[in-house]
Amino acid sequence: MTFVLSWASNVLIEGWNSAAILPQMLVNCGLGRHSSIVHIAGSATENTWQVQVTHFIWSNPSLRLHSDFLPVVCQVCRSYQSFVKSKQTGDSGGPITFICHGKVNGTLCKAMLKFSRPPTLVPMAQPPVDNWLVEDIEF
Ligand SMILES: [Zn+2]
């Protein structure tokens, strides 16, 4: 709700450009942590209409991995919440690897999941933060 009020105040009342103010608003609110944000902006020239669609995705190295979610159940051993982040996981922009610590017939499962950032998603540049990814959608 605070996001909607903030957007209304900034865009409708104060007149800020929605596309320009949205990234800063996303950093300051928790809305996108539960849902992606799709921003649609249009502009008219003499006889054409251009629409720009931008997809904002919250990312977290433990909860939402480069726009993907960690499965709750291992598909190999059916263990519940058995994935542990590998210590060999690289920096914030690199792939994130999880290894299952569940057991199959008494032996360690060791199923591995690797999450890499899709090439169309880039970290939000302004303000520069790692936990928001941006994708321009063309149609
Ligand atoms: Zn497993």
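Mentor: From the N terminus on, the order of elements is α-α-β-β-β-β-β-β-β-β-β-β-β, that is, 2 helices and 11 strands, where helices (H or I, at least four residues) and strands (E, at least two) are DSSP runs numbered from the N terminus. This is a predicted model, in which local features need pLDDT of at least 70 and side-chain atom pairs count only at pLDDT 80 or more, while totals for chains, interfaces and linings use all residues. Residues are numbered from 1 along each chain as its sequence is written.

The domain assignment, which is automatic or comes from a database, gives domain 1 (1–59 + 118–139) and domain 2 (61–116), and their centres, taken over C-alpha atoms, are separated by 30 Å. The contact between them takes 7 residues from domain 1 and 4 residues from domain 2, two residues being in contact if their C-beta atoms, placed from the backbone, lie within 7 Å. On the side of domain 1 that touches domain 2 there are 5 nonpolar, 1 polar and 1 charged residues, with Ala, Val, Leu, Ile, Met, Phe, Trp, Tyr, Cys and Pro counted as nonpolar, Asp, Glu, Lys and Arg as charged, and the others, Gly among them, as polar.

As for the whole chain, its C-alpha atoms fill a box of roughly 70 × 30 × 25 Å along the principal axes. Among the contacts with a separation of 6 or more, 42% are between residues 24 or more positions apart.
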